[in-house]
Amino acid sequence: MCGRTACSLGADNLRRACAYRDRGGRRRQPEWIRAERYRPSYNKGPQSSGPVLLSRRHLQQDADSSERVLMDMRWGLVPSWFNKDDPSKMRFNTSNCRSDTMLKKSSYKGPLLKGKRCVVLADGFYEWQQHSAGKQPYFIYFPQSKDAVAEGKDGDEEWRGWRPLTMAGIFDCWEPPAGGEALYTYTIITVDASKDVSFIHHRQHRALPLTVLPPRMPAILDGDEAIRKWLDFAEVPTQEAVKLIQPTENVVFHPVSTFVNSVRNNTPECVAPIELGAQKEVKATPTSNVMLSWLKSSQEGSPQKKENDLPRWTSQFIHSPSPKKTSAGLLQQWLGKEAEPAAKKRKA
């Protein structure tokens, strides 16, 4: 599942981070639609609003279908056929959509066959690992290049800051029966969890507590070519686009504080790496001082970090997937030697 995300980049930086090449090979940045509605957050849950990419042709019929726009939409798809006057009266959860049933359920099949495909953007997403003492949250995201530790600068030809996670989604537009402003909403498509993170996602069936459900994770579109094919509904038919919906191993993760458990908490502490067993922030080292100073400066200002500040997480805090390690081996890696600092448990 995917029930919580973070997207802390400001509107302008997010636009720059989503730069792409159009059909003619020109480098472009997607235009924001109603950018004033977007609010960065370290802790987004269903029913909140979040940024998505979509083809401009959905909003402008004569536009090039390869042209992209950014839009703030509400998380939790409300199908266009919903005939109540209040979307909150929906009796089913549409924040996630299973890949194996999305062409069977009317809420998703309709918009999907109409090409209403979008890319949901985030710094990363949270998942909780169940164990005897409770639940341990983890933050999962794309591996970052060395350039990502530096702020992206306005003069840079290419974005060199944090690489956003790009998740496949479906959107729809609902209009109130009595009239009023149209509501754009989305759902995140989920797939079987990849081997390296599957140990985090094990969960129990609500009606059958002794039944363990197969782990799920967001369908991640890795690379601009995958994003292009998913968004360009005029050139890539549904039957071809759904082939992109596959698990990916190209993610890394680190444990975070249970502070993130409450969706009301919205500060950098939500994404800060912790030392397992201690439930505290990792002590500063020469290679972690930059990240920790970023977190400190962000908290001193306001609950929202400054638009141009970026996470400066270093490899010592993260788990990088390795094809040679089993899920059990990964779990031992995180929960092993209690006396050993977290920074030394994993070398990138």
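Ala, Val, Leu, Ile, Met, Phe, Trp, Tyr, Cys and Pro are counted here as nonpolar, Asp, Glu, Lys and Arg as charged, and the others, Gly among them, as polar. On this basis, the lining of the second largest pocket divides into 13 nonpolar, 5 polar and 9 charged residues. The model is predicted.

The lining of this pocket comprises 27 residues. A17, A19, W159, R163 and P164 lie nearest the pocket centre. Three elements each supply at least two lining residues: α1 (11-17), β2 (20-21) and α4 (224-231). The space in the second largest pocket is about 540 Å³.

The chain as a whole was examined next. Its secondary structure comes to 8 helices and 19 strands. Of its 348 residues, 51% count as buried. Contacts were also sorted by sequence separation. Among those between residues at least 6 apart in sequence, 69% join residues at least 24 apart.

Strand β13 (residues 183-192) is mostly covered, with 8 of its 10 residues buried. Several strands pair with β13. Two of these pairings are taken up here in the parallel sense, with β7 and with β8. Strand β7 (residues 68-75) is joined to β13 over 2 bridges, and R74 has T185 of β13 as its bridge partner. Strand β8 (residues 96-98) is joined to β13 by 3 bridges. Here N96 is partnered by I188 of β13.

Antiparallel pairings of β13 involve β12 and β16. Strand β12 (residues 165-174) pairs with β13 over 6 bridges. In this pairing, the partner of I170 is T187 of β13. Strand β16 (residues 216-218) is joined to β13 by 3 bridges. V191 stands opposite M217 of β16.

A separate description covers an open sheet. It is formed by 5 strands in the order β5-β1-β10-β11-β17, and the pairing is antiparallel. Strands β5 (41-44) and β17 (252-255) stand at the edges. Each has a single partner strand, so one side of each is left without a neighbour in the sheet. From one strand to the next, the twist averages 30 degrees.

Strand β10 (residues 124-131) and strand β11 (residues 134-141) are antiparallel and share 7 bridges. Q130 has K135 of β11 as its bridge partner.

Key:
Residues are numbered from 1 along each chain as its sequence is written. This is a predicted model: local features need pLDDT of at least 70, side-chain atom pairs count only at pLDDT 80 or more; totals for chains, interfaces and linings use all residues. Side-chain values use heavy atoms; hydrogens and water are left out. On a 1 Å grid over the protein atoms alone, a cavity is a set of points where a 1.4 Å probe fits but cannot get out, and a pocket is an open set with protein on both sides within 12 Å along at least five of seven lines; lining residues have an atom within 4 Å of a point. Grid points are joined across faces, edges and corners, and a volume is the space filled by probe spheres set on the points. Helices (H or I, at least four residues) and strands (E, at least two) are DSSP runs, numbered from the N terminus. Two strands pair if DSSP finds at least two bridges between them. Axes are lines fitted to C-alpha atoms, for helices over the stretch in contact, and angles run from 0 to 180 degrees between N-to-C directions. Buried means under 20% relative accessible area, exposed over 50%, partly exposed in between (1.4 Å probe, protein chains only). Contact means heavy atoms within 4.5 Å.
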